[in-house]
There are 4 protein chains.
Amino acid sequence: MSQIISSEVEVTHMANGQAMTVPVYSIKGQGNGPSVYIQANMHGAEVQGNAVIYQLLEQLKQLDCYGDITLVPLANPIGSNQKSGEFTLGRFDPITGDNWNRGYHFNAQLPQQFAQQNPDLSMSDIVSQFRALIIADLEQQRFNNPYGVTTGRFLCAKLQRMAFEADIVLDLHTGPISSRHLYCPEYTKQSAVLFDIPHVLFIPRDFDGALDEACFCPWWQLQQAYSDQGRAIEVAVKAFTLELGSQEWLCLEEAKRDSHSILSYLSHHSVIKKGSFEPTAMTRYGCDLKDYRTVYANKSGLVEYLAPLGQQVKAGEPLVRTLRMDRYDQDDVVEVTPALENCIPVLHFASASVNQGTELYKLLTNYFTLSR
Amino acid sequence: MSQIISSEVEVTHMANGQAMTVPVYSIKGQGNGPSVYIQANMHGAEVQGNAVIYQLLEQLKQLDCYGDITLVPLANPIGSNQKSGEFTLGRFDPITGDNWNRGYHFNAQLPQQFAQQNPDLSMSDIVSQFRALIIADLEQQRFNNPYGVTTGRFLCAKLQRMAFEADIVLDLHTGPISSRHLYCPEYTKQSAVLFDIPHVLFIPRDFDGALDEACFCPWWQLQQAYSDQGRAIEVAVKAFTLELGSQEWLCLEEAKRDSHSILSYLSHHSVIKKGSFEPTAMTRYGCDLKDYRTVYANKSGLVEYLAPLGQQVKAGEPLVRTLRMDRYDQDDVVEVTPALENCIPVLHFASASVNQGTELYKLLTNYFTLSR
Amino acid sequence: MSQIISSEVEVTHMANGQAMTVPVYSIKGQGNGPSVYIQANMHGAEVQGNAVIYQLLEQLKQLDCYGDITLVPLANPIGSNQKSGEFTLGRFDPITGDNWNRGYHFNAQLPQQFAQQNPDLSMSDIVSQFRALIIADLEQQRFNNPYGVTTGRFLCAKLQRMAFEADIVLDLHTGPISSRHLYCPEYTKQSAVLFDIPHVLFIPRDFDGALDEACFCPWWQLQQAYSDQGRAIEVAVKAFTLELGSQEWLCLEEAKRDSHSILSYLSHHSVIKKGSFEPTAMTRYGCDLKDYRTVYANKSGLVEYLAPLGQQVKAGEPLVRTLRMDRYDQDDVVEVTPALENCIPVLHFASASVNQGTELYKLLTNYFTLSR
Amino acid sequence: MSQIISSEVEVTHMANGQAMTVPVYSIKGQGNGPSVYIQANMHGAEVQGNAVIYQLLEQLKQLDCYGDITLVPLANPIGSNQKSGEFTLGRFDPITGDNWNRGYHFNAQLPQQFAQQNPDLSMSDIVSQFRALIIADLEQQRFNNPYGVTTGRFLCAKLQRMAFEADIVLDLHTGPISSRHLYCPEYTKQSAVLFDIPHVLFIPRDFDGALDEACFCPWWQLQQAYSDQGRAIEVAVKAFTLELGSQEWLCLEEAKRDSHSILSYLSHHSVIKKGSFEPTAMTRYGCDLKDYRTVYANKSGLVEYLAPLGQQVKAGEPLVRTLRMDRYDQDDVVEVTPALENCIPVLHFASASVNQGTELYKLLTNYFTLSR
């Protein structure tokens with residue numbers, strides 16, 4: 001049994017003066033398991049992760065937890081509340097266009113600096129001192145900047161401050177219309193089979209602004225820096241982005257399934273009792289991020305999405321059918337766009353209307369089977 | 001066999017100078033059947049009607065048509081092209097908030113005036129002269145106003161000008177997430193069973209700005225005006241709004257089914273060969289517009305839509321489940337909102353995130369079975 | 001000296017669960033002066049009224065107030081916080097397009113009913129009992145409706161509930177780019193010269209959803225109902241909309257001037273000491289609402305606004321110059337649109353880019369001089 | 001006298017099928033002067049550059065031109081036509097949030113490759129062959145990518161294709177509310193005094209996606225690559241971004257002044273007769289891009305912009321006054337934010353309502369006087 005403590009964090013103030021807050025639920029670990037940070041709904045329309053956190057809480061309170069766990073649903077109150085028409089326009093700051101999920105902080109100079117200054121530190125001291133260093137740097141850059149920072153960067157920093165305390169970071173997202181898939185850093189490929197997620201993208205060490213990257217990049221590059229000095233250390237932090245279905249969709253039952261998937265990962269790492277949850281047997285496929293391809297519409301019009309998500313599609317099989325009712329009785333009133341190569345589509349655009357150049361599908365290509 | 005003639009109509013110019021046009025497909029009738037006007041996609045996200053027009057064209061070109069038929073897909077180019085995030089924000093003018101489907105013209109003074117001035121005109125002269133009158137009035141008010149008219153009213157007038165030539169007007173819409181339903185004016189209740197649409201809303205004589213109303217109100221009120229003078233005449237024009245599923249969704253196969261539904265209506269009225277298409281046998285339900293109820297969220301949060309569309313739901317059965325992750329471990333983190341009375345839900349909101357006061361469901365209440 | 005008591009009113013909850021609140025500042029009157037309700041910023045971008053309330057509070061706290069005064073800045077937190085690009089998109093509900101300022105409640109049946117049932121009531125009883133009646137009706141319709149009400153109607157009802165207690169209601173707005181003007185109901189035309197506002201629109205008894213109308217219509221129609229029964233009574237409530245310059249613009253100094261204008265009106269009605277503030281001498285012009293004309297762009301393009309606001313423009317003098325850079329070296333690359341008749345422009349569109357049909361200017365025509 | 005030839009370029013198709021086009025005006029040079037490309041309105045609300053192009057055309061047609069000149073107004077038809085409320089939401093793709101002005105192409109590998117392969121080429125051959133190379137690469141990446149490219153990248157490539165032909169590239173922008181300022185690459189600092197623009201930002205060799213960078217980066221890095229090989233060459237292309245006042249504002253008279261400024265630059269480079277136009281005498285100030293500081297709101301609320309644009313402000317002098325009407329009678333209802341250091345503000349935010357973290361002002365700091 002675990003006790004859940006609730007609190008909240010102010011992440012911005014709006015024009016009318018109101019503070020916007022994020023709820024935080026935390027469990028104090030009863031042992032020396034790794035600490036965990038789980039967040040959902042950074043993009044306003046991607047609500048299903050909140051239901052997963054709900055189901056996690058429902059189960060964690062029945063279990064013994066050996067590490068600290070922090071769960072943060074509704075992570076972006078501006079995004080959650082930003083409507084435009086019926087839908088939630090919560091993907092980017094409506095003022096600037098900045099993707100909310102690209103405002104996390106990474107100081108690329110710290111890993112090398114730290115490794116040079118502390119060549120012989122013990123691993124546990126590396127973890128505690130490097131963690132203190134990146135937290136101090138985050139606070140300096142984002143909270144104590146005399147010129148201020150953008151709304152998005154401040155929000156990200158408030159979340160990142162909590163995530164930086166954790167050894168395991170899970171950022172729960174969804175695609176537009178999407179099947180489940182996982183972003184897994186290459187340094188921990190074997191983790192990919194611990195979730196009940198059939199499709200996996202392996203991502204390299206680059207920083208592109210997302211939370212998972214912001215959490216693992218410092219440690220991964222620290223490993224590299226020590227390696228350059230001839231010392232092998234582990235990457236102390238593991239961070240993943242889980243894409244759990246479609247945006248604008250809530251289902252408590254499906255969320256329960258996904259909470260089991262996460263619990264089996266936590267169980268594997270002894271955050272909860274080892275072996276208490278196990279990953280489901282399934283065939284899992286992965287591809288490298290460079291082989292994760294976006295199909296852009298080469299023709300505008302109305303679109304029927306033909307390729308099923310999460311299934312293998314062969315080169316030449318149809319992806320979309322485009323209807324152009326301004327061109328009836330011309331040859332191209334209805335046209336089908338085929339897959340250029342063998343692939344597994346994992347998401348498609350949310351609307352049936354597309355401009356030339358709108359993203360239609362995202363595809364795993366050159367994919368391979370993962371083995372446990 | 002019928003020949004399809006294509007043309008286009010300019011409906012506005014945009015800030016960069018470009019004219020926005022609407023494609024028009026027309027068939028010249030080979031007999032004296034009633035004339036028909038069919039339009040789709042007045043709301044930008046409601047694209048399925050375009051596919052229905054595609055399927056109608058595919059079939060009409062194989063058939064003999066006895067009346068003139070005008071088909072207008074993509075009726076609102078501004079709405080079609082207005083994106084905000086992934087979705088199409090085509091329900092209202094982005095500048096003013098005016099619902100695009102509320103800008104049609106109706107001059108309430110003309111019916112009574114005409115009836116008083118022409119008490120003894122033959123029915124066929126009534127039809128031709130009153131039609132000429134309302135067309136002239138429309139052109140005067142909307143095209144020759146020295147102060148100009150709004151973008152929406154000009155667009156509506158361009159479409160209404162074509163619709164005013166027709167005896168039968170069908171305006172193809174969709175709901176947000178929706179099952180098929182029909183708006184049928186009360187004066188022609190028996191028409192409701194001629195379409196393959198299981199749920200019907202019977203609407204009174206009031207004008208609220210939509211195309212169907214703008215087309216039948218003049219004629220319905222003309223009937224009333226003659227009736228007040230002691231003469232019984234028929235309502236010369238029939239106009240309907242068909243709601244054919246969900247917005248942001250295109251399916252050519254489902255569109256074919258709906259095209260059959262429309263062909264059976266046209267066949268009934270001898271626009272095409274009588275008896276060539278028949279309505280499908282199904283139980284149809286109707287209710288009066290005053291009994292078409294909207295359920296507004298009394299609580300904000302994340303919503304799971306539980307009540308199935310197009311099916312009977314009993315009082316007390318669940319409509320939505322609301323998740324409030326800011327209130328975990330309070331009694332109301334998950335709450336279910338039940339139906340207040342027996343009903344048939346026909347549409348629900350498109351997003352899983354709602355404010356207090358957001359429309360959740362629309363319901364037929366006090367509904368009754370329609371018989372052929 | 002008056003004491004200012006602050007409180008707040010919850011007006012809705014957002015998708016993430018947060019309550020949105022409106023600050024309320026009130027002064028308890030030290031005598032039997034009329035009660036006053038002043039509100040600002042119902043449209044999110046129209047912020048200057050907040051500065052006027054600030055300046056009013058700064059002065060009222062130094063003065064003796066004989067009637068209760070309620071001041072409500074930031075009246076619409078959803079509107080205030082709704083950004084789209086740099087600007088505040090606070091004119092209409094982003095979900096529905098409903099103008100926030102058109103959701104107030106008016107039950108047209110109550111005045112006649114009340115007058116019939118209470119033909120001989122004393123005037124003071126009429127005021128107290130009819131006020132109780134319309135408040136009860138408002139609460140019934142808007143707060144106790146089992147199907148709920150829209151976000152906008154609930155917000156409006158929360159504000160209207162406070163406004164219904166007052167004898168004098170001032171709703172502070174601004175235009176897009178605008179000079180000062182006043183909406184004054186026809187039954188109290190002589191009030192128009194009590195404000196320092198040079199241009200006045202006289203509005204008839206119709207209800208179109210705005211706060212001023214929602215406050216005076218019940219009482220004006222009650223007067224009419226008694227008049228129909230042969231009894232002359234006064235309209236017990238006075239309500240105005242003040243347009244105090246341009247949206248997206250804040251100026252504390254100009255706000256101080258407008259606070260004096262309001263204090264001179266309140267002084268005239270003995271809310272504060274009679275004669276303590278006097279209206280400024282100026283020539284004031286008025287026109288009837290039917291003569292308040294909107295000029296819509298008959299041509300799209302880029303627009304230079306040439307006619308100065310708040311000044312007399314003669315027929316034929318230029319309003320706008322339109323640049324169409326898609327048409328260089330054609331005759332109409334630059335065109336000037338002249339005024340069709342003598343007029344006083346009081347506002348123009350906020351953007352230099354217009355579609356065909358965009359509102360360009362609003363003009364007083366057939367205007368006349370007001371005398372004190 | 002020069003003849004102006006007009007044409008148009010298709011840059012995308014919209015959901016309803018319509019092609020969006022950009023007008024192109026070109027003049028064939030009558031000598032061997034450098035070729036010029038001038039573009040305006042890449043951000044939809046920044047319309048004033050169109051008026052400048054209008055005034056340039058009016059004058060160029062009277063003059064002899066020695067180099068080819070291409071002028072492209074209304075460069076972004078999607079941006080121009082994207083409204084949200086009264087204003088033009090044309091800064092970023094409404095679907096993705098991508099800044100329209102960050103989609104230009106730069107292949108960082110080509111300069112070094114070319115220099116290595118062609119160490120001894122004559123300068124004129126370098127120019128013609130390297131130009132052919134980057135054009136071929138642009139076409140390959142953007143027009144012949146089998147997976148397609150985003151709407152924004154395609155649009156940018158269509159414009160960049162034209163700009164790549166020119167020796168001088170001017171991209172005409174405006175700020176939100178802004179005084180004139182110039183982005184000038186460091187390699188041609190002396191150009192800064194040739195325009196009538198009092199404030200100049202000197203930018204380094206990095207590529208951040210804008211047109212000026214996309215045009216000069218290949219050539220600047222080519223210079224560097226040759227330099228690394230020990231050969232000194234000139235940077236063959238000059239490219240600038242001119243910020244000509246505020247968005248949503250059109251003024252043909254001011255545009256005429258800016259056209260003179262551009263003509264004096266073109267005259268200096270013998271595109272038109274040398275000495276026919278001269279820069280105006282004025283004190284010009286510059287700073288390095290790293291010293292161009294953004295002030296973000298550390299407090300949300302309503303803002304009065306106090307610091308004048310284009311003038312020197314001393315440390316401690318006020319920038320903005322913030323009104324928080326939710327906090328009346330607390331100490332911070334009105335607060336002033338001072339400048340942190342001596343600066344020249346050149347632009348401020350367009351709205352009076354700001355969130356915590358909204359950009360308030362942009363400032364030149366550590367600025368210096370430029371001499372001719």
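How exposed is D:K61, in terms of relative accessible area? D:K61 is partly exposed, at a relative accessible area of 23%, where buried means under 20%, exposed over 50% and partly exposed in between (1.4 Å probe, protein chains only).

The model is predicted, so local features need pLDDT of at least 70, side-chain atom pairs count only at pLDDT 80 or more, and totals for chains, interfaces and linings use all residues. Residues are numbered from 1 along each chain as its sequence is written, chains are lettered from A and ligands numbered from 1 in the order in which they are written, and side-chain values use heavy atoms, with hydrogens and water left out.

**Salt bridges between chains**

- Over all chains there are 72 salt bridges, each being a side-chain nitrogen of Lys or Arg within 4 Å of a carboxyl oxygen of Asp or Glu.
- D:K61 pairs with C:D329 in a salt bridge, with 3.9 Å between the closest N and O atoms.
- This pair joins two chains, because C:D329 sits in the loop between β15 (318-323) and β16 (334-338) of chain C, and D:K61 in the loop between α1 (48-60) and β4 (69-72) of chain D; helices (H or I, at least four residues) and strands (E, at least two) are DSSP runs numbered from the N terminus.
- C:D329 is partly exposed, with a relative accessible area of 49%.
- B:K61 and A:D329 form a salt bridge at 4.0 Å, N to O.
- That pair crosses from the loop between α1 (48-60) and β4 (69-72) of chain B to the loop between β15 (318-323) and β16 (334-338) of chain A.
- Both side chains are partly exposed, B:K61 with a relative accessible area of 26% and A:D329 with 46%.

**Salt bridges within a chain**

- In chain B, the side chains of B:K299 and B:D332 meet in a salt bridge at 3.4 Å, N to O.
- B:K299 lies in the loop between β13 (292-296) and β14 (301-305) and B:D332 in the loop between β15 (318-323) and β16 (334-338), so the pair ties together parts 33 residues apart in sequence.
- B:K299 and B:D332 are both buried.
- In chain A, a network of salt bridges links A:R180, A:E254, A:R257 and A:D258.

**Cavities**

- There are 15 cavities of 30 Å³ or more; a cavity is a set of points on a 1 Å grid over the protein atoms alone where a 1.4 Å probe fits but cannot get out, and lining residues have an atom within 4 Å of a point.
- The largest cavity holds about 170 Å³, a volume being the space filled by probe spheres set on the points, which are joined across faces, edges and corners.
- Its lining has 17 residues, with B:N81, D:M14, D:I78, D:N81 and D:Q82 nearest the centre.
- The second largest cavity has a volume of about 140 Å³.
- The second largest cavity is lined by 22 residues, of which A:L89, B:S84, C:S84, D:S84 and D:L89 lie nearest its centre.

Technical notes:
1 Å grid on protein atoms, 1.4 Å probe; cavity = no way out; pocket = protein on both sides within 12 Å on 5 of 7 lines; lining within 4 Å.
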